[in-house]
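Visitor: I would like to go through this model and ask what stands behind each label.

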Amino acid sequence: MVRMPTYRAVITGIGCVSPFGVGGYDLVAEVLKANVSAIQPLQSFPTADLTSCLGAEIPAAYLPKTEEARRWSRLSQMTVLACRQAVAEAGLCDSAALGQAGLVVGSQFGDLRSTEAFCLGFLRKGPLGLSPLLFPSTVMNAMAGTTSIALGLQGPMLTLNQVGVAGELAVARAMLLLRAGRASAVIACGVDELFPRLYETLVQLRVPSPRGHGEEVCRPFDQRHNGPILGEGATAVVLELPEHAQMRGAPMLAEVRSACWGGIPARPGHFPMLPQGQHPVLDQALTEAAVHPADVGMAYLSSCGDPQHDAMELACIADTFGPHGPLLTSVTHLTGEYGGLGTFRVAAAVATVRQGISPTLDYLRQPIRTDVRFAVQPVTPPPAVVLAHGLAPGGVHTAILIGRLHDTSDVAQ
Amino acid sequence: MDQHHVRSDARRVVVTGLGAVSPYGRGWEVYWQGLAQGQCKIGPLTLFPTDGFRSCLAGELPAATVRALGTAQQSRATRFLLAAAQEALQNAALDPVALTTAAVSIGGAGGGMLGVEDWYWARYHQPQGSHRQVALRSMLPTQQTDALAYHLRIGGPRESPILACGSSAAAIATVTDLIETGVVDVGLAGGVDTLTRLCFMGFNALKLLDPQPCRPFARDRRGMSLGEGAAVLVLESSQHAMARGAPVRAWVGGCGLSSDAFHPTAPPTDAEGAVRAMREALARAHLTPADITYINAHGTGTVQNDRAEAVALAEVFGPGNVLVSSTKSLIGHTMGAAGALEAVATIGALEAGLLPPTANLWEPDPAIPFDCIPHTARPATLDCAMSNSFGFGGQNVSLIFLRPEAAG
């Protein structure tokens, strides 16, 4: 008996604002293929007094300079630009469907840059120093609000605050909007930015590498891992009901076969103790997608070089898939780590199912587990199904299965 | 969109538990009694200095209530939220085992920002000093949700929607969607926000704070008063609730979500987005405008918002065809918690057959063509009521609740 996915959507457009440039599907594919890291010494603010100095920054030249964009915060600029690119690639621009489209933005920190600037106005000059123009940006839904105005999106709009897996959550929540009949097309965008005070505070909290242990470097899954390197970016994907995309003749890049999320109770800020053999989110994602674990050819993990994160996520994957599970890879050694990165992982999964392009973990010398398979060689042939997996401090757990289109009989070709 | 919305009776969503902490104190009954008595709790703000601001008022939780809300190691927001959630669960008589697969969606805006402000202010004034960074652990709204999930061992889908003032109304819509689509059977939905300098400074900068307790729908209204609190609702599929013999407080008729795509802080004059949200909620509830007796309005007390909401209500229901009140006039605008607190108020009105009043409404604005229930709660026979929440960024959420006897 052929099992069919419970619910599905197609991805029709990708937009990406990253240290590598601004673009759509092709940019993501190029980044994965080149497998060159954007991590380097930070240029935009001094780090001499800090114990970390690396990051993956977006050069100012990549962001828009238009009159319209000058009114937006930097984070809103990134969000609008990524969403515009995705909408253009999906062929949704200027269509009636765009006005009805939904928007879900996931972010870990929101616009702390504007928040600090607003507060400093008060601290320096009292109530007269407060800028009414800055205040709206201090609310975390400002990026979504700005994007909806810039693109004319009048459908349901949500902003989700989430540590670590805000991007994955945006995709999963966008799927729920489709499933609940609230929209026929939804843009899911993950976004976060680097800014000096946040970087400095996270370094003081010993969040990024090196945490007092050797070289400052991003090495997920390797025994030499000692924390993430921070990055920034915005990636948007357009999700549509297959019949909607078909009706308007949209380009279909890949299929979302399932997108599930749940939570494993954990102390806030800590990773959960995983109940061995019980990973309902992964089980549900596989069941809903009607996919056997052996059919998942590759998995993009959210692990970023934090030793606890790496260990917990690998335990979860090993439990579910066993020793012959998917090739495991990461993008954080290329892009740096930020809360909204998950939409980039989903976009990467699209490139992997379409063209077999995926990053290899060239730095991996001493893997922390030997009972799983890491992507140290290019994946051939292109896997039909790829997992974008997320596990966050606090216990939020996501699993999104991306499938190649021609593997599904009832999705428009 | 409605052609995709197919909901079986078994998947209809019911409310089985309520919990609240509000400027009246701890507990949803305390909250409801305060509203029903029309007792305005907007008074002098004591949490931080207000020198030089337009207003020195807010709806602040009594200090004795806050002290009684568990450990001071947790942020003020976390303590509010845990208290509201524990009450809601008790109220629903829900077996904690059901929480292992339950959803939780908690809306907010400021999170634990109050504590972070203390840290940042101290750091600014004494850069070389040693400042405790513990408050940073609960800065983000999601960290309150995580704390709740941890304390109650909630294992299902978890999220923290941020839609400014519509956050917790959206949380209710999220859990409703998760239940209706069969993803979960049970979920906790709600919101929490505390008073913060950031919010107070922001609305002061926008000149949207009323120096007096706010006067929604009044001719001389001058803006809002801020407030704080938390509310949590236990939502279940009707099948799940019936199977365990749970007390049903109300049914969730339908939820509407829309965006204005107009302006970061101002609604369009025709309030077209709000109209769409209300119509979507009606369509999903399979109701007509005539079925709705009462609207718990967003009703902030700002000139623009009240006028725009009245335009939207007139467009959907016809001028004067529904009774409208703003409970923000009693406790202030609780930001991310407002949608959930007002949902609780709306359910209270359905249960009691009593509509909470709009306080401080001495001279109604003639441009608002509705009876806004001034000063005193009003008895009414009602089966269905709507709660509106609109937020910065042009976010609109409308929720419809039904009396169990009217749900059919």
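Guide: We can start with the contact between the chains. In this predicted model, 57 residues of chain B are in contact with 56 residues of chain A.

Visitor: Which elements of chain B give two or more residues to that side?

Guide: They are helices H4 (113-125), H5 (141-152), H6 (167-180) and H7 (197-205), with strands E6 (158-159) and E10 (250-259), of chain B. H5(B) supplies the largest share, 7 residues. By residue class, the side of chain B that touches chain A has 28 nonpolar, 21 polar and 8 charged residues.

Visitor: Which residues of H9(B) and H10(B) meet?

Guide: From H9(B), Ala274(B), Val275(B), Met278(B) and Arg279(B) meet Ala308(B), Glu309(B), Ala312(B), Glu315(B) and Val316(B) of H10(B). The residues of this contact comprise 6 nonpolar, no polar and 3 charged.

Visitor: What makes Val350(A) stand out in the largest nonpolar core?

Guide: That core has 292 residues, and Val186(A) and Val350(A) touch the most other members. Leaving out residues up to four places away in sequence, Val350(A) touches Ile11(A), Ile14(A), Tyr25(A), Leu253(A), Ala254(A) and Ile402(A). A touch here requires C-beta atoms within 7 Å.

Notes
Residues are numbered from 1 along each chain as its sequence is written. Chains are lettered from A and ligands numbered from 1 in the order in which they are written. This is a predicted model: local features need pLDDT of at least 70, side-chain atom pairs count only at pLDDT 80 or more; totals for chains, interfaces and linings use all residues. Two residues are in contact if their C-beta atoms, placed from the backbone, lie within 7 Å. Helices (H or I, at least four residues) and strands (E, at least two) are DSSP runs, numbered from the N terminus. Ala, Val, Leu, Ile, Met, Phe, Trp, Tyr, Cys and Pro count as nonpolar, Asp, Glu, Lys and Arg as charged, and the others, Gly among them, as polar. A nonpolar core is a set of buried Ala, Val, Leu, Ile, Met, Phe, Trp, Tyr and Cys residues joined through C-beta atoms within 7 Å. A residue is buried if 20 or more other C-beta atoms lie within 10 Å of its own, exposed if 12 or fewer, and partly exposed in between; C-beta atoms are placed from the backbone.
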